[in-house]
Amino acid sequence: MMARVHLSRAMAETFSWYCSLFLVSMLVLSCCESFATENERMVNRVQRGDVGYGPCDEIYVVREGETLHTIGEKCGDPYIVEENPHIHDPDDVFPGLVIKITPFKNR
């Protein structure tokens, strides 16, 4: 009888660990999905032509040789990284990356 209780408890603990792992995974995936959805929305706006390719439109497409620092200076937005949660590494900026610009005067 004692071994049966011990086995049931071990199974319950294992099950609770799997449930916890599942919940954490779902939480992480939901956060990633919301960032991806925002990025897709920005890309769709650019593709539809809702925004232009001017130097400081609300939606900006990074060009060859640009950095977040040079874009921030050009557009007057020193907080690009804070407004774009899909940018995980400020040094990993590449041509074609879509970012949101909010010029300092509009804050």
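Q: Which side chain does R9 meet in a salt bridge?
A: R9 pairs with E13, at 3.3 Å from N to O. A salt bridge here is a side-chain nitrogen of Lys or Arg within 4 Å of a carboxyl oxygen of Asp or Glu. This is a predicted model, where local features need pLDDT of at least 70, side-chain atom pairs count only at pLDDT 80 or more, and totals for chains, interfaces and linings use all residues. Residues are numbered from 1 along each chain as its sequence is written, and side-chain values use heavy atoms, with hydrogens and water left out.

Q: Where do R9 and E13 lie?
A: Both are in helix α1, residues 2–48, and they sit 4 residues apart, about one turn of the helix. Helices (H or I, at least four residues) and strands (E, at least two) are DSSP runs, numbered from the N terminus.

Q: Why does that spacing matter?
A: An α-helix has 3.6 residues a turn, so residues three or four places apart point the same way.

Q: Is R9 buried or exposed?
A: R9 counts as exposed, because its relative accessibility is 58%. E13, at 40%, counts as partly exposed. The cut-offs are under 20% relative accessible area for buried and over 50% for exposed, with partly exposed in between (1.4 Å probe, protein chains only).

Q: How many salt bridges does the structure hold?
A: It holds 2. K74 and E66 also meet in one, at 2.8 Å from N to O. K74 is partly exposed at 39% relative accessibility, whereas E66 is buried at 14%.

Q: Switching to α2. Which of its residues are buried?
A: In helix α2, residues 68–75, the buried ones are L68, I71, G72 and C75. Seen down the helix axis, they fall within an arc of 100 degrees (taken from the directions from the axis to the C-beta atoms), so they line one face of α2.

Q: And what is on the other side of α2?
A: H69 and E73, which are exposed.

Q: What covers the buried residues of α2?
A: The cover includes β1 (59–61), α3 (80–83) and β2 (98–100). Contact means heavy atoms within 4.5 Å.

Q: Last one, how many disulfides?
A: A search of the whole structure finds 0, a disulfide being a pair of cysteine sulfur atoms within 2.5 Å. As for cysteines, C75 is buried at 6% relative accessible area, while C19 is partly exposed at 31% relative accessibility.
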